[in-house]
Amino acid sequence: MRILGVRFKNLNSLAGEWQVDFTHPAYASDGIFAITGPTGAGKTTIMDAVCLALYGSTPRLGKVTKGGNEIMSRQTGECFAEVTFETGRGRYRCHWSQRRARKKADGELQQARHEIADAATGEVLESKINQVGAFIETVTGMDFGRFTQSMLLAQ
């Protein structure tokens, strides 16, 4: 599995929309890189975004549900995480999102949405929130536990 890019909005202390393109020559030329920075710079938020987009869960917070969302930036009404990745089976875009009623900061949390699509065509391959993780496990060979053990290093 190769992660090509990540986009996210209103996660943790990083309000607004953010994007990291891992195909940029600064990342791709050496073949290996580390995400570093001072405490509070957003390193963990990037990893949270990748995990949320793929599995709807983070190692620190577990599953994000309608009953509670501790990852959405305070005073915001919506958040999302999207990752584009490729495997030997193809190139995919996985998107997870949740909003509050009327996208208002004080609105009631709505059910999260999760889908995986073919990155080239945009065709949605799975959109049932409880099936996206299984689809990802099929195309990557990694469930959430294996992914976090092999792809994420402890800080």
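For the helix entry below I go by DSSP runs: a helix is a run of H or I with at least four residues, numbered from the N terminus. I also keep in mind that this is a predicted model.

Entry one, the fold. I looked up the elements and found four helices and eight strands in the chain. Read from the N terminus, their order is β-β-α-α-β-β-β-β-β-β-α-α. The radius of gyration is 15 Å, close to the 15 Å from the globule rule for 155 residues, so the chain is as compact as a globular protein of that length. I put the C-alpha trace along its principal axes and got about 45 × 40 × 25 Å.

Entry two, contacts and surface. Taking contacts between residues at least 6 apart in sequence, I see that 52% join residues at least 24 apart. I noted 41% of the 155 residues as buried. The accessible surface is about 8,800 Å², with 47% of that belonging to carbon and sulfur atoms. For charges, I have 19 positive and 16 negative, and their mean positions lie 5 Å apart.

Does the length of α2 (residues 43-55) agree with 1.5 Å a residue, or disagree? Its 13 residues should span 18 Å and its end C-alpha atoms are 18 Å apart, so it agrees. I then checked cover: 11 of the 13 residues of α2 are buried. Among them are K43 and D48, along with I46, V50, L52 and Y55.

Notes:
Residues are numbered from 1 along each chain as its sequence is written. This is a predicted model: local features need pLDDT of at least 70, side-chain atom pairs count only at pLDDT 80 or more; totals for chains, interfaces and linings use all residues. Side-chain values use heavy atoms; hydrogens and water are left out. Helices (H or I, at least four residues) and strands (E, at least two) are DSSP runs, numbered from the N terminus. The radius of gyration is taken over C-alpha atoms; the globule rule is 2.2 Å times the number of residues to the power 0.38. Buried means under 20% relative accessible area, exposed over 50%, partly exposed in between (1.4 Å probe, protein chains only). Contact means heavy atoms within 4.5 Å. Accessible areas come from the Shrake-Rupley method with a 1.4 Å probe; for residues, only the protein chains shown count as cover. Lys and Arg count as positive and Asp and Glu as negative; His and the chain ends are not counted. The place of a charge is taken as NZ of Lys, CZ of Arg, CG of Asp or CD of Glu. The expected span of a helix is 1.5 Å times one less than its number of residues.
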